[in-house]
Amino acid sequence: MLDYRVSARRIDQRGSLARCKEAEISLDTDPQGRADAFNPAELLLAAVAACMLKSIERVTPMLHFRLRGVEVLLHAVRQDRPPKLTRIEYQLVVDTDEADRRLQLLHLNVRKFATISNTVAAAVALEGRILRRTPGS
């Protein structure tokens, strides 16, 4: 069983800092918001994206799946009362020459073995699709 540890502390009224291992992330904890740091909702979306990308890195060697790149695009919808996310949508955009059925197999494996996205999906609707990168996109 794995466990994870992160510490976070307030820097000032505009922001905070999270630390883990040798990494740091600036946090937007300013009620007015700030452009140079992730707010909590954006951090959650980044965690889902990182999880999906890590899953792709894990499963592509097992599937012998060849790709040149991957991009994850996420969009969340928030309601005000009570404040919560009601839906997260994503697109996995893969630059590959693999067949469509292999692309769907990759998506199936990402959805099946991605810890954070599976955790989030238990709490909020998480829906998405996998797409092939087209030239010029």
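Trainee: Buried means under 20% relative accessible area, exposed over 50%, and partly exposed in between, using a 1.4 Å probe and protein chains only. What pLDDT do local features need in this predicted model?

Mentor: Residues are numbered from 1 along each chain as its sequence is written, and side-chain values use heavy atoms, with hydrogens and water left out. Totals for chains, interfaces and linings use all residues, side-chain atom pairs count only at pLDDT 80 or more, and local features of this predicted model need pLDDT of at least 70.

Trainee: Does His107 count as buried or exposed?

Mentor: His107 is found in helix H2, residues 100-113. Helices (H or I, at least four residues) and strands (E, at least two) are DSSP runs, numbered from the N terminus. The relative accessibility of His107 is 11%, so it counts as buried.

Trainee: Which residues does His107 touch?

Mentor: Contact means heavy atoms within 4.5 Å. Residues up to four places away in sequence are not counted, and His107 touches Tyr90, Leu92, Gly128, Arg129 and Ile130.

Trainee: At what angle do H1 and H2 pack?

Mentor: Two packed helices are described by the angle between their axes and the distance between the axes. Axes are lines fitted to C-alpha atoms, for helices over the stretch in contact, and angles run from 0 to 180 degrees between N-to-C directions. The axes of H1 (residues 40-63) and H2 are 9 Å apart, and the angle is about 125°.

Trainee: What is the orientation of H1 and H2 to each other?

Mentor: Angles under 35 degrees count as roughly parallel, over 145 as roughly antiparallel, 65 to 115 as roughly perpendicular and the rest as oblique. The angle here is about 125°. H1 and H2 are therefore oblique.

Trainee: Is the crossing of H1 and H2 left-handed or right-handed?

Mentor: A crossing is left-handed if the near helix is turned anticlockwise from the far one by less than a right angle, and right-handed if clockwise. Where H1 passes H2, the crossing is right-handed.

Trainee: How many residues of the contact of H1 with H2 are nonpolar?

Mentor: H1 brings Met52, Ser55, Ile56, Val59, Thr60 and Leu63, and H2 brings Arg102, Leu105, Leu106, Asn109, Val110 and Phe113. Of these residues, 3 are polar, 1 is charged and the nonpolar ones number 8. Ala, Val, Leu, Ile, Met, Phe, Trp, Tyr, Cys and Pro count as nonpolar, Asp, Glu, Lys and Arg as charged, and the others, Gly among them, as polar. The nonpolar count is 8.

Trainee: Is Phe65 buried or exposed?

Mentor: Phe65 lies in the loop between H1 and strand E4 (69-79). Phe65 touches residues including Val94, Leu103 and Leu106. With 6% relative accessibility, Phe65 counts as buried.

Trainee: Does His64 count as buried or exposed?

Mentor: His64 sits in the loop between H1 and E4. Its phi is positive, about 55°, although His64 is not a glycine. The relative accessible area of His64 is 61%, so it is exposed.

Trainee: What is the strand order of the open sheet with antiparallel pairing?

Mentor: Two strands pair if DSSP finds at least two bridges between them. E1 and strand E2 (residues 15-20) share 5 bridges, and E2 and E3 share 6. The edge strands are E1 (7-12) and E3 (23-28). The order is E1-E2-E3.

Trainee: What is the phi of Lys21?

Mentor: Lys21 lies in the loop between E2 and E3. It counts as exposed, at 80% relative accessibility. Lys21 is not a glycine, yet its phi is positive, near 50°.

Trainee: What omega does the peptide bond from Arg81 to Pro82 have?

Mentor: Pro82 is placed in the loop between E4 and strand E5 (84-95). The bond from Arg81 to Pro82 is cis, with omega near -15°.

Trainee: What pairing does the sheet E4-E5-E6 have?

Mentor: E4 and E5 run antiparallel, joined by 11 bridges. Leu73 has Gln91 in E5 as its bridge partner. E4 and strand E6 (125-132) are the edge strands. Over the 3 strands, the pairing is mixed.

Trainee: At what angle does H2 run to E6?

Mentor: H2 lies across E5 and E6. Its angle to E6 is about 150°.
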